[in-house]
Amino acid sequence: MQWQSGEPRLIPVHLGFKAFASIASVCAALFIAGCAPTPKPQPKAAPVIDEPSRESVADPLEFKDPCAARLHDISGAMLLCYAVNHQLPAQLQDLSKYAELDQTLEFTCPESHQPYVYVREGLPAPSGGRRLVLYDATPVHKGTRWAILMRPSGPGQSAAAWVVQLSEPMLQAYLPANVPPLK
Ligand SMILES: [Zn+2]
């Protein structure tokens, strides 16, 4: 696998059909709970994922890496959690209830066996609106770390997430200046 410094490899995360169905049902439930009885509950939930990311096709080969596959599952749960709560959970483990029915989320790297580093508020990207919310504790993947970037929802855009592979210089660029370099 060739690594080119300076350009993170982005793997768009897509919510599965079940997740969309879950969002629709949750939104419908909230609508019903929040309003007086109505004969016509909202038939459709607002779209959660922006259209461009849905059009991107993730390379299935990427998820042969078990760590990337775990992060893909986690990031899908993050998007669903964010869609429901407008924030990420205080504890990473709280994402488990947002996993797809046939998924069991794992919060440790299968290679290093160390828990992923989770930053609930996210570390802002050097440029752009993406935030680093989770990454490998050590650069165990041939000197790189798998990580999750999230873009929070804002005016005219919905939240999105990407599974990326970061070199050490790229990871350092996310860390505040007053944080000592990682070991
Ligand atoms: Zn890993």
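This is a predicted model: local features need pLDDT of at least 70, side-chain atom pairs count only at pLDDT 80 or more; totals for chains, interfaces and linings use all residues.
Let's start with the whole chain. The protein contains four helices and five strands. Read from the N terminus, these elements follow the order β-α-α-α-β-β-β-β-α. Of the 183 residues in the protein, 30% are buried. The contacts tell us something about how the chain folds back on itself: among those with a separation of 6 or more, 55% are between residues 24 or more positions apart.

With that layout in mind, let's turn to the backbone. Most residues other than glycine have a negative phi. Two residues here are worth a look against that background.

Take His86 to begin with. This residue is not a glycine, yet its phi is positive, at about 65°. To find His86, look in the loop that links α3 (66-85) to β2 (117-124). Is His86 buried or exposed? His86 is exposed, because 10 other C-beta atoms lie within 10 Å and a residue counts as exposed at 12 or fewer.

Now move further along to Lys142. Where does Lys142 sit? Its place is the loop between β3 (131-135) and β4 (144-151). Lys142, again a residue other than glycine, has a positive phi near 55°. Lys142 also has 10 other C-beta atoms within 10 Å, so it is exposed.

Terms used. Residues are numbered from 1 along each chain as its sequence is written. Helices (H or I, at least four residues) and strands (E, at least two) are DSSP runs, numbered from the N terminus. A residue is buried if 20 or more other C-beta atoms lie within 10 Å of its own, exposed if 12 or fewer, and partly exposed in between; C-beta atoms are placed from the backbone. Two residues are in contact if their C-beta atoms, placed from the backbone, lie within 7 Å.
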